[in-house]
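Open your viewer and keep the selection tool at hand. We will go stop by stop.

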Amino acid sequence: MDGLSRILYIDLSEKKSWVEDRKDLIEDRIGGLGIAVKLYSEGCKLGSDPMDPENPVVFAVGPLNGLYPSISKTVAVFKSPLTGTYGESHAGGRLAMAVRMAGYGAIVLVGYSDKPIFIDIENSEVRFRNAKPLLGLSSLEVEERLRTSTRAVESIVSIGLAGERVCFYASVNVDRYNYFGRLGLGAILGSRNLKALRIRGSGSLKPIDPEGYRKLFEKLYKRIVETDAMAKYHYTGTPANIMVLNEIGALPTRNFRESRFEYAEDISGERIGETLLERKVSCPLCPIGCMHIARLRLEFAKGYEYEPIDVYYNYESMYALGTNLCLKNPTDILRLIYTANLYGFDTMLLGNILAWMTEAYELGLISDRDTNGLKLNWGDIDAYLDAVKRIAYGEGDLYIYAAQGLKQLTDIYGGRDYAMQIAGNGIPGYHTGYASILGFLVASRHSHNSNAGYDIDQQALKKSFTDEELVDRIAAEEDWRNILVSLVACMFSRRVYTPDLVVEALRTVGFGYGVDELMEIGREIYMDIYGLKSKEGFDPRRIYIPRRLFETPSATGVLSEERFRKLLELYMERRFKSSST
Amino acid sequence: MPARIRLANPERCIGCMNCIFACSRELYGGILSPLKSALKLVYDTPSRKFIVSICPGCVDAPCVNACPHKALAEQPGGGPTLINPEKCRSCETRDCIKACILGVLFWDDERRAPIICTQCGECAKYCPHEVIVYREV
């Protein structure tokens with residue numbers, strides 16, 4: 001299992017590191033998410049402040065990372081400043097491959113550094129270095145400063161100014177184009193004074209069945225490049241969703257007031273593909289190249305003086321910082337995404353906040369005095385660029401609260417009916433129906449990717465489900481995805497990695513699990529997380545759902561809160577009744 | 001003429017590293033390691049480009065000519081082949097590595113020998129965009 005059970009602990013307070021062998025965890029929980037949850041729960045202090053330095057931050061990889069195509073994610077588990085409890089986020093890039101080649105299955109960070117610190121890991125060597133020269137730099141600049149031309153697999157992880165200033169939804173950048181975007185991992189690293197990590201791995205991985213491995217690699221690789229299982233992610237990328245969701249009336253527009261955007265075609269993934277897309281970038285061993293990079297030129301002076309910038313764009317950022325703010329020009333949306341990435345914000349929650357601020361300003365809930373004279377109007381790119389900067393620097397009370405999330409903002413100013421957050425996390429761009437909202441609420445990490453409720457709603461457009469079928473599908477999907485995140489697979493490859501192929505791939509590296517056993521482990525992981533969250537007071541029945549979701553028509557019609565509450569009760573009953581048997 | 005790998009469309013590289021690991025898998029019997037590959041892929045930040053380097057299989061190859069022990073010979077069609085690994089094991093100077101001006105001949109510390117491109121074409125087989133192709137030249 002090539003070092004998977006070797007856990008690298010790094011104590012930021014004491015500036016020391018050590019390795020523990022945890023074969024027990026691998027046997028029980030495979031790797032990735034499974035072991036990250038265990039490592040996190042061993043160290044976290046229940047009920048403590050998310051910024052408490054005793055709470056560990058875990059980065060974990062899994063048994064198929066570094067070996068199979070499109071299995072290229074790293075999972076991070078930490079305490080989230082947004083939810084106040086368990087937090088989880090995933091990132092691609094070279095991190096997973098670098099960690100495996102350096103000989104580890106997970107990295108656990110504990111403690112707090114009194115000075116800004118940069119952690120430089122090269123195989124078994126861990127160095128603590130003064131990060132002063134990196135302070136104030138964007139992650140894009142940090143990546144340029146720290147990147148070398150080594151033949152080892154090298155990954156660079158860093159926070160921007162939003163993280164340094166402990167904005168609650170600061171993201172963590174990985175290798176320039178990838179992010180641990182959600183739930184504020186950047187704030188946690190910033191609160192520990194950790195500006196950057198560089199991981200270089202030059203070891204090797206040896207499958208126990210090399211011939212079986214090579215055959216299966218070829219089969220999976222062919223399935224990825226020769227079938228349409230992942231074609232969408234390669235061609236248009238996730239922005240293909242703009243036209244699809246607009247068509248069915250599920251594309252959040254003007255802070256979810258509408259579900260169709262009149263300029264959808266102008267900003268569509270297809271249009272950007274034809275005009276501004278410059279190149280695609282991939283994670284190790286993935287032939288897809290899902291990261292779509294647009295090239296913009298920004299005029300900074302007369303005389304044909306241009307600043308060339310490259311912007312990584314995807315559907316979620318384009319909805320949150322585009323349609324939801326009524327930006328109708330793709331260049332404007334890309335500039336706003338770029339600015340959000342420069343400071344290092346979660347683009348999704350940032351978009352929800354800017355949309356709320358615009359609406360609150362329009363309704364007179366916040367005034368010119370609150371905004372320090374900034375006039376926030378739908379579609380005004382200059383105002384939005386300015387607002388993002390003010391949030392990053394905390395220029396005035398409104399912007400200081402805005403850096404702490406939507407819940408904090410509405411506690412001060414009101415307007416929670418149209419503050420598009422659930423349990424502290426910003427709502428993603430799919431107003432598809434009940435399954436989307438329910439899935440997001442009950443998901444262990446409050447992500448649309450946890451159980452794909454939005455997909456269940458879209459299937460329901462063609463074939464209706466009973467209430468029982470709907471809630472059971474959400475539960476089963478999340479259990480299976482917990483296994484994928486224990487490998488750690490990219491969700492884009494989920495149609496390639498069917499349960500039987502996952503079983504086969506695990507065999508080549510020494511795991512003998514069958515499909516049923518895997519599903520059971522997936523369910524146990526959900527229960528592990530749910531148990532942690534319950535102990536800290538989380539109860540989905542007590543979470544407020546913004547009224548607007550029950551006013552604006554979704555793809556499956558206007559939703560009733562009463563019916564939603566019934567579905568939630570049904571989910572809780574079936575999910576937890578079956579777990580006690 | 002035997003087939004050779006060629007860099008046909010270097011600008012199309014998406015940085016997936018499949019070539020690097022296909023090589024290591026082939027040369028080392030299913031083992032993956034970035035240091036056990038006869039190719040190099042760097043991410044060049046000033047140009048924000050991925051730059052792949054392959055062994056072009058030179059005729060009158062500088063690496064072969066540089067070996068003071070006659071441990072290397074030229075393959076049919078060009079490029080080095082290892083004919084006397086024992087000689088390599090005691091070599092301290094590694095003149096072959098230094099002779100490659102493209103910087104694509106690497107030393108394997110474990111085997112104590114250069115990692116030689118056998119021109120097998122595995123890297124091209126797993127390149128999704130024909131950055132590397134395998135063809136008769």
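How many bridges join strand 1 of chain A to strand 6 of chain A? Select residues 6-11 and 106-110 of chain A: five bridges join these two strands, which run parallel. Strands here are DSSP E runs of at least two residues, helices are H or I runs of at least four, and both are numbered from the N terminus. Two strands pair if DSSP finds at least two bridges between them. Now pick A:Leu8, which stands opposite A:Ile107 in strand 6 of chain A.

A note before moving on. This is a predicted model, where local features need pLDDT of at least 70, side-chain atom pairs count only at pLDDT 80 or more, and totals for chains, interfaces and linings use all residues. Residues are numbered from 1 along each chain as its sequence is written, while chains are lettered from A and ligands numbered from 1 in the order in which they are written.

Click A:Tyr9; its bridge partner is A:Trp18. Four residues lie between the strands of this hairpin, and A:Lys15 takes a positive phi near 55°.

Zoom out to chain A. Its secondary structure comes to 24 helices and 17 strands.

The contact (C-beta atoms, placed from the backbone, within 7 Å) takes 31 residues from chain A and 22 residues from chain B. Select residues 210-226 of chain A: this is helix 7, which gives the most to the side of chain A that touches chain B, with six residues.

Technical notes: Two residues are in contact if their C-beta atoms, placed from the backbone, lie within 7 Å.
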